[in-house]
Amino acid sequence: MNDDLEVASSAGEPFIQNGSSTGSDELAAAKAKAEENYNKFLYAMADFENYKKRIERKLDDLSLAGKKSVLKKFLPVLDNLERALSYDAGSDGLRGGLEATLRSFESVLESEGVKAVPLKGARFDPKFAEAIGTRPVSNVPEDTVLEEAARAYAIGDDVLRVGQVIVAKSE
């Protein structure tokens, strides 16, 4: 009677039972294949985690870009309110209403992380400002911002809008 019984495996290859050396070779091969499949599984899981993180970053970037776009549209309204307040309206009620509206806009922008970047009196920085003109001045160092035609705004470390400024030049 034969001690080695052959039974077909699911792959169609014979599976030897009762401890023959061929059986232990096949067991070692099956273990190696299982290890290989497990490593592939781990690689796929790590790849999927990286994919999820990449998609989250892209969604955050898209969300921030949309937020910046909407907030940027409010800045000209804020500029117009500031210009209106710079003129003597003659009516305290109108002025008070404009000031309250301006404060409301500023608080909304601040709650969204938008901050005005002070430029007047600082050295001209093209990252935050666009020079729309120069003025010869003797008592101020060259490339100092003299006036802001439009304020610069930043959201976090990103510039939302560059300011428009008049810069000092030596006479």
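Predicted model: local features only at pLDDT ≥ 70, side-chain atom pairs only at ≥ 80, totals over all residues.
**Stop 1: D79.** Start by selecting D79, which sits in helix α1, residues 21-86. Is D79 buried or exposed? Its relative accessible area is 7%, and because the cut-off for buried is under 20%, D79 counts as buried. Now show side chains and pick R161 as well: a polar contact of 2.7 Å links the side chains of D79 and R161. If you skip the neighbours within four places in sequence, the residues in contact with D79 are A150, R151 and R161.

**Stop 2: the largest pocket.** The space inside is about 150 Å³. Helix α1 and strand β5 (145-150) are the elements that give two or more residues to this lining.

**Stop 3: the largest nonpolar core.** Next, select L71, L75, L78, L81, L85, L98, L102, L109, V114, Y153, I155 and L160, the 12 residues of the largest nonpolar core. At least two residues of this core come from each of α1, α2 (92-111) and β6 (152-155). Helix α1 gives the largest share, with 5 residues.

Zoom in on L160. Beyond its neighbours within four places in sequence, L160 is in contact with K68, L71, K72, L75, V114, Y153, A154 and I155.

**Last stop: another core.** Finally, select V145, A152, V165 and V167, which are among the 8 residues of a second, separate core.

Note on methods: Residues numbered from 1 in each chain as written. Heavy atoms only, no water. Helix = DSSP H or I, 4+ residues; strand = E, 2+ residues; numbered from the N terminus. Buried < 20%, exposed > 50% of the residue type's maximum accessible area, 1.4 Å probe, protein only. Polar contact = N/O pair within 3.5 Å; in protein donor to acceptor, adjacent residues only side chain to side chain. Contact = heavy atoms within 4.5 Å. Core = buried A, V, L, I, M, F, W, Y, C linked by side-chain atoms within 4.5 Å. 1 Å grid on protein atoms, 1.4 Å probe; cavity = no way out; pocket = protein on both sides within 12 Å on 5 of 7 lines; lining within 4 Å. Points joined across faces, edges and corners; volume = space filled by probe spheres on them.
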